[in-house]
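Q: I am new to this structure and would like to go through it step by step. Could we begin with the charged pairs and then turn to the rings and the core?

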Amino acid sequence: MDTTLLVAKILGIYLVISGLFLLIRGKSIPHLLKDFFNHPAIVYLTGVILVFLSSLYLLQYNIWDGTWKTSVTVFVWLVLLKGVTYIFAPESLSDMAVKKSRKLFGIYGILAIAVGFYLFFLV
């Protein structure tokens, strides 16, 4: 199986599960995020893991050919950016995640499920 296809399937499963969690248990997310951001070591390690995994993929498969593989590459670049933000500016993610996004969890959930199904079944 092509590595990009494998990554697309894994991202698809992750997005469907995350979207369902947002729809079903969305009210618990502010509490989870508050607890998460209260532990700086865990936030830092999360950033390091995200940077490491996304860099592994991008060094091998940084594909910009206009096909579905480009959407996987864009998503992985966003993961890299999120990891760097966890390391250097976690407070900006904390503020954005809890305060500004609270009312949009349902919409994010539906969008995540749709993109997840696309990546898992149509790619």
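**Salt bridge, rings and core**

A: This is a predicted model, and the structure holds 1 salt bridge.

Q: Which side chains meet in that salt bridge?

A: The partners are Asp2 and Lys69, with 3.3 Å from N to O. Asp2 belongs to the segment before α1 and Lys69 to helix α4, so the pair links distant parts of the chain, 67 residues apart.

Q: What is the general idea behind such a pair?

A: Side chains of opposite charge can pair when their charged atoms come close.

Q: How accessible is Asp2? And what about Lys69?

A: Asp2 has a relative accessible area of 32%, so it is partly exposed. Lys69 is partly exposed as well, because its relative accessible area is 23%.

Q: On to the rings. How many aromatic pairs are there?

A: The count comes to 6 aromatic pairs. In one of them, Phe36 and Phe37 are arranged edge-to-face, 5.1 Å centre to centre and with 75° between the planes.

Q: Why is that pair called edge-to-face?

A: The angle between the planes of Phe36 and Phe37 is 75°, and planes over 60 degrees apart count as edge-to-face, which means this pair qualifies.

Q: Are Phe36 and Phe37 buried or exposed?

A: Both Phe36 and Phe37 are buried. Ring pairs also link these two with Tyr86 into a cluster.

Q: What is the geometry of the pair formed by Phe120 and Phe121?

A: Phe120 and Phe121 are edge-to-face too, with 4.9 Å centre to centre and 90° between the planes.

Q: Where do those two stand on accessibility, Phe120 and Phe121?

A: Phe120 counts as partly exposed because its relative accessibility is 28%. Phe121 reaches 54%, so it counts as exposed.

Q: Which residue lies over the face of Phe120?

A: That residue is Lys9, at 5.3 Å from the ring centre of Phe120.

Q: Which residues form a nonpolar patch on the surface?

A: Trp64, Val74, Trp77, Leu78 and Leu81 form one, and together they have about 520 Å² of accessible area. Val74 is found in helix α4, residues 68-88. Val74 counts as partly exposed because its relative accessibility is 35%.

Q: Where is Gly83, and is Gly83 buried or exposed?

A: Gly83 is placed in helix α4. Its relative accessibility is 0%, so Gly83 counts as buried. Between the C-alpha atoms of Gly83 and Ser54, 29 residues apart along the chain, the separation is 8.8 Å.

Key: Residues numbered from 1 in each chain as written. Predicted model: local features only at pLDDT ≥ 70, side-chain atom pairs only at ≥ 80, totals over all residues. Heavy atoms only, no water. Phe/Tyr/Trp six-rings, centres within 6.5 Å; stacked < 30°, edge-to-face > 60°. Buried < 20%, exposed > 50% of the residue type's maximum accessible area, 1.4 Å probe, protein only. Lys NZ or Arg CZ within 6 Å of the ring centre and 35° of its normal. Patch = residues over 30% accessible without salt bridge, like charges linked within 9 Å, V, L, I, M, F, W, Y side chains within 5 Å. Areas by Shrake-Rupley, 256 points an atom, 1.4 Å probe, with all protein chains shown as cover. Salt bridge = Lys/Arg side-chain N within 4 Å of Asp/Glu carboxyl O. Helix = DSSP H or I, 4+ residues; strand = E, 2+ residues; numbered from the N terminus.
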